[in-house]
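Please look through the sequence and the model shown here.

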Amino acid sequence: MNPEVYFRPMAAPIDDEFQVRLEGQSALLAPARERYYRLVLALAESRWQERLRQELPLLREVRAHQDALDALLGPALRRAQAENWPTSHPTVRTLWEVHSLREQLARDVARKLGRSAQESLGGLMSSLEDWLITLPREVPAHLREQTAAELLPDTLPALREAVLFAARLEPLFAHPVLLSGRLPFSSRQREELALGWARGEAALAALWRRLSGVDARGFMVAELRERAALAPRRPPGTGTERLLHAEYWYQEARSRLLHMARLRLAPLEPDPAECLAVMWWLFEREYAPHVRLHAPGVLEDARAALFEVAYEFWDAQRPDIPEDERWTPARWARLDKLAGRADEGRQGPDGEHVCEALRELIQRHGVGTRVSRGWWAPSRLTQLVQRAREVLG
């Protein structure tokens, strides 16, 4: 007899055949049972919100393992029923206990949140964590940084949108911009800026609301807004720094855009919402004179026309424009139509400001000319445009 065959060691006996049937995944069960049990007990307490706020790492641990457990539990339970596994066996008993605790945890969390227990437990746990960390409370000074970081994880959709927004703004406004000449953006940059502005602005507003909703006394938010006014010194590395970085470039870009718009609308003094509506129009108007200013819900038609009149006179007097492009027949034709539209509304002081600017322009250019003799000051914008054409055209 071959000695090697005779002395071959026997395979170790299988202590638990059900661990084999679970294909090595049974090690997930006991820790899951403990985590589920702790959370079920915490949810049953009268001050469960306070208790669970102390158990946030446990919630995250449950969520981190939930996909693997869901992949194990479904097939394992179906097989246990089909093959009639004995519930007295420790591994099988643990399997059913984990299932029972999971179902109870899902019901309890769903009831607390007013959601459906049929939702995935991972999704319910994410919602529970977000709800817990956004509960209004007083945030002590030593916990402000930690609380802000907790409220601004990198996975937050609004934060990701704000980061993209800042990535568009910083390259455009990181260097000095000539405010009075042609708009210093390419066609693609103008389009991306106009299309992405509302989404970026909404994302930032949502992030500040999230922080304000927690910060009962407002000290944390006030401190963060002060920091957001300072130019970033390094690339952001945390959620808090990403918010501050995005807010800084948003305010910087907004300030410069408002300045550009107001410069082109002088002597008008539009409010910020009107300025931005005009700015998006200017992105097109500077290269396509036929484009009209339409901003439903922001500007009435007559007021939009008044802005266009102010812009036409600014554009014609720009120092960087060629002489043959200043007072062209096409410009006067546009001004005639726009003045008529503007005269249809009651413009109040703003309308008078534009009229006064036109009177000064006519007087300045009409000195010593035949047109200046018998000068009179009409009150309607259409009449002033006609008189300006006589002097300048």
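Helix α16 covers residues 348-366, which is 19 residues, and it reaches 27 Å from its first C-alpha to its last. That is close to the 27 Å expected at 1.5 Å a residue, where the expected span is 1.5 Å times one less than the number of residues. Helices here are DSSP runs of H or I with at least four residues, strands are runs of E with at least two, and both are numbered from the N terminus.

The model is predicted: local features need pLDDT of at least 70, side-chain atom pairs count only at pLDDT 80 or more, and totals for chains, interfaces and linings use all residues. Residues are numbered from 1 along each chain as its sequence is written, and side-chain values use heavy atoms, with hydrogens and water left out.

Which residues of α16 are buried? They are Asp350, Gly351, Val354, Cys355, Leu358, Arg359, Leu361, Ile362 and Gly366. Buried means under 20% relative accessible area, exposed means over 50%, and partly exposed lies in between, with a 1.4 Å probe and protein chains only. An α-helix has 3.6 residues a turn, so residues three or four places apart point the same way. The cover over the buried residues of α16 includes α14 (301-316) and α17 (381-392), counting as contact any heavy atoms within 4.5 Å.

Glu241 lies in another helix, α12 (residues 239-265). With a relative accessible area of 23%, Glu241 is partly exposed. Leaving aside neighbours within four places in sequence, Glu241 is in contact with Arg234, Pro235 and Pro236. Ser180 is 61 residues from Glu241 in sequence and 33 Å from it in space, C-alpha to C-alpha.

Ala30 belongs to helix α3 (residues 29-44). Ala30 is also partly exposed, at a relative accessible area of 40%. Between Ala30 and Leu244 there are 43 Å in space, C-alpha to C-alpha, and the two are 214 residues apart in sequence.

Now the whole protein. It has 17 helices and zero strands. Its radius of gyration is 35 Å, well over the 21 Å that the globule rule gives for 393 residues, so the protein is more spread out than a compact globule. The radius is taken over C-alpha atoms, and the rule is 2.2 Å times the number of residues to the power 0.38. Along its principal axes the C-alpha trace spans about 130 × 60 × 40 Å. Of the 393 residues, 44% count as buried. Among contacts with a separation of 6 or more, 67% are between residues 24 or more positions apart.
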